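Please look over the chain below before reading on.

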Amino acid sequence: MEESLRRTPLYECHEQLGARFVPFAGFEMPVQYSSVIDEHHAVRNHAGIFDVSHMGEVFVTGPQAEDALQYMTCNNVAKLVDGKAHYSAIINENGGVVDDIIIYRFSPEKFLVCVNASNREKDFSWFTEHNTFEAQFEDRSDEYAQIAIQGPKALEIANQLGANISFDEIAYFHFATCELFGAEIIAARTGYTGEDGLEFFIPQAAATDMWQALLEAGGDKGLLPAGLGARDSLRLEACYPLHGHELGDDISAIESGIGWTVKLKKGDFIGRDVLAKEKAEGAKRTLVGFFV
């Protein structure tokens, strides 16, 4: 394994579980623990727990934080309310997808943008280079770990942690903060598996305690640790695109099948003219899925 690869705060936990590691987005990440098939079925039928600490967290603050994101992303940020999130994309001048993202609104002057690990530096540079607003972009990825628990029993398991909130009360694609393991944690009812569940943004010092607590809480409910292999098969089965595969800087948002996130009526944003033309006239190519 290359020495230059980074490790998440949960690396030793994965070693203890016998994970097999692969290089991914500059990190040494677990690709599987038992088998990809077993982990895939655990998520569909019970629950799976994923280390997604390689993902990036960019906070956007200031009096024009909303305006900045409205101009640099394609979905309608003005429709968000406090505690709500939406799926969106950063679009370049040619309509291509710089990255697909999830935006979480804390207030009109504070947002969290979750970006893909392989695009973290690129996205942050894009934001800062195009920031002509009274908004501050801060890459705080090194402060956070991220754990996803997904599957039909995910909420039941998470509720055993003893948080000061009930995770059932968080609506789909909404989020809340809670106190756990001596830290403030962001609990988001989002995920990329096609199942219900939660994604936790955790200060790195509390990550191991939370990982172990979730494994213990789900031990009698079919919970399995799951790696990148199952994460990929699950998102493919759900027809969710992945940047660098179905999404790319040279593939437009319309071509890649995420045109539903492109809100032309919201006003001007980077890449709007190209996407408006493709929506009106049709794209030259389109992404299709196969059922077997």
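**Burial, packing and backbone in a predicted model**

Q: In this predicted model, is Leu 214 buried or exposed?
A: The relative accessibility of Leu 214 is 0%, and the cut-off for a buried residue is under 20%. Leu 214 therefore counts as buried.

Q: Which residues does Leu 214 touch, not counting residues up to four places away in sequence?
A: Leu 214 belongs to helix α6, which covers residues 207-217. From there, with residues up to four places away in sequence not counted, Leu 214 touches Ile 49, Ile 147, Ile 149, Ile 157, Ala 158, Leu 161, Phe 200 and Leu 223.

Q: How many Å apart in space are Leu 214 and Gln 160, C-alpha to C-alpha?
A: Along the sequence, Leu 214 and Gln 160 are 54 residues apart. In space, the C-alpha to C-alpha distance between Leu 214 and Gln 160 is 8.3 Å.

Q: How many disulfides does the count come to?
A: A disulfide is a covalent bond between the sulfur atoms of two cysteines. Here Cys 178 can be ruled out because its sulfur is 17 Å from the closest cysteine sulfur, in Cys 114, too far for a bond. With cysteine sulfur atoms required to be within 2.5 Å, the count comes to 0 disulfides.

Q: Which cysteine has the sulfur nearest to that of Cys 114, which is in no disulfide?
A: Cys 114 counts as buried, at 6% relative accessibility, and Cys 178 likewise counts as buried, at 1%. The cysteine sulfur nearest to Cys 114 is 16 Å away, and the residue that holds this sulfur is Cys 74.

Q: At roughly what angle do the axes of helix α2 and helix α7 cross?
A: Two packed helices are described by the angle between their axes and the distance between the axes. For helix α2 (residues 36-45) and helix α7 (residues 228-237), the axes come within 8 Å. The two helices are oblique to each other, and α2 passes α7 in a right-handed crossing. The angle at which the axes cross is roughly 55°.

Q: How do the residues of the contact of α2 with α7 divide into nonpolar, polar and charged?
A: On the side of α2, the contact is made by Val 36, Glu 39, His 40, Val 43 and Arg 44, and on the side of α7 by Gly 229, Ala 230, Ser 233, Leu 234 and Glu 237. These residues of the contact of α2 with α7 divide into 4 nonpolar, 3 polar and 3 charged.

Q: Near what value is the phi of Ala 25?
A: Ala 25 is found in the loop between β1 (20-24) and β2 (27-32), and Ala 25 is partly exposed, with a relative accessible area of 30%. Phi of Ala 25 is positive although the residue is other than glycine, and the value is near 55°.

Q: With which residues is Ser 256 in contact, leaving aside its neighbours within four places in sequence?
A: Ser 256 lies in the loop between α7 and α8, and Ser 256 is buried, with a relative accessible area of 2%. Leaving aside its neighbours within four places in sequence, Ser 256 is in contact with Val 97, Glu 246, Leu 247, Ile 251 and Leu 287.

Q: How many Å separate the C-alpha atoms of Gln 64 and Glu 134?
A: Gln 64 is found in the loop between β4 (56-61) and α3 (65-72), and at 26% relative accessibility Gln 64 counts as partly exposed. Leaving aside its neighbours within four places in sequence, Gln 64 is in contact with Phe 133, Glu 134 and Ala 135. Although Gln 64 and Glu 134 are 70 residues apart along the chain, the separation of their C-alpha atoms is 5.0 Å.

Conventions:
Residues numbered from 1 in each chain as written. Predicted model: local features only at pLDDT ≥ 70, side-chain atom pairs only at ≥ 80, totals over all residues. Heavy atoms only, no water. Buried < 20%, exposed > 50% of the residue type's maximum accessible area, 1.4 Å probe, protein only. Axes fitted to C-alpha atoms, helices over the stretch in contact; angles between N-to-C directions. Helix = DSSP H or I, 4+ residues; strand = E, 2+ residues; numbered from the N terminus. Parallel < 35°, antiparallel > 145°, perpendicular 65-115°, else oblique. Left-handed = near helix turned anticlockwise from the far one by under 90°. Contact = heavy atoms within 4.5 Å. Nonpolar A, V, L, I, M, F, W, Y, C, P; charged D, E, K, R; others polar.
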